[in-house]
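Q: I've got a model open and I'd like to learn how to read it. Can you walk me through it, feature by feature?

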Amino acid sequence: MAFPEDMLTADEHVVLHLHPHWKALVRPVAVTVLAVAAVVAGFLLLPESTAATVVWYVIVALALVAVLWFAVRPFTVWRSTHYVFTNERVVLQHGVFSRERRDIPLNRVNDHSMTQRFSERLLGCGTLTIESAGERGQTVLPDLPGVSQVQTQLYELVEAHHDLHSLGDGELREILDEARTGPDQAAPARPDNASPGR
């Protein structure tokens, strides 16, 4: 299930679009391989008889159920889970038939932390926790691939968003001068190297 690009605002662009780490697919692949092996082994090894044919059909049915439940379902959940980082927000979306989405604006991100177990360090994944202002407060992104790089990217996005939406010293001085003198009277420009006492 693809991530809907039409949910982005006019000036918004995707910086990172991730699914959970590929380790979530190890069990589905293993189940599929074992199911196919069981079906092939039954076909080759069972003798030619009516009872053996019934047993083989039972093996096929069980293998199909196992693949649907332990392989197709987890793969679909993995594929429909999106971790999207844009220049304006972090979007978390999951769900196959019903969909749930959470948006965390970058200006609400207060803190973020990363944890990795030893096995996760070997696989290059981990858990990213985002602290944000609001009712839900803490958001946990488990099994995030390249978690340390993602945390660095999130830090850069938050800083860039803050710099873009905050006033510089010159802009702040201009607004204060305009508030003091009124909008119709522009305050005389003062050179940057001039001190207030001169």
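Q: How many helices and strands does the protein chain have?
A: This is a predicted model, and its protein chain has 5 helices and 7 strands. Going from the N terminus, the order is β-α-α-β-β-β-β-α-β-β-α-α.

Q: What share of the residues in the protein chain is buried?
A: Of the 198 residues, 30% are buried. The accessible surface is about 13400 Å², and carbon and sulfur atoms account for 60% of that. For contacts between residues at least 6 apart in sequence, 53% join residues at least 24 apart.

Q: Let's zoom in on one residue. Is His 21 buried or exposed?
A: His 21 counts as buried because its relative accessible area is 3%, and the cut-off for buried is under 20%. You'll find His 21 in the loop between strand 1 (14-18) and helix 1 (26-45).

Q: What does His 21 touch?
A: Leaving aside residues up to four places away in sequence, His 21 touches Trp 78, Leu 123, Gly 124, Cys 125, Asp 143 and Pro 145.

Q: How is a pair of aromatic rings described?
A: You look at the distance of the centres and the angle of the planes. Here there are 3 aromatic pairs, and ring pairs link Phe 43, Trp 56 and Tyr 57 into a cluster.

Q: Which residue lies over the face of Trp 69?
A: That's Arg 73, at 4.1 Å from the ring centre.

Notes. Residues numbered from 1 in each chain as written. Predicted model: local features only at pLDDT ≥ 70, side-chain atom pairs only at ≥ 80, totals over all residues. Heavy atoms only, no water. Phe/Tyr/Trp six-rings, centres within 6.5 Å; stacked < 30°, edge-to-face > 60°. Lys NZ or Arg CZ within 6 Å of the ring centre and 35° of its normal. Helix = DSSP H or I, 4+ residues; strand = E, 2+ residues; numbered from the N terminus. Buried < 20%, exposed > 50% of the residue type's maximum accessible area, 1.4 Å probe, protein only. Contact = heavy atoms within 4.5 Å. Areas by Shrake-Rupley, 256 points an atom, 1.4 Å probe, with all protein chains shown as cover.
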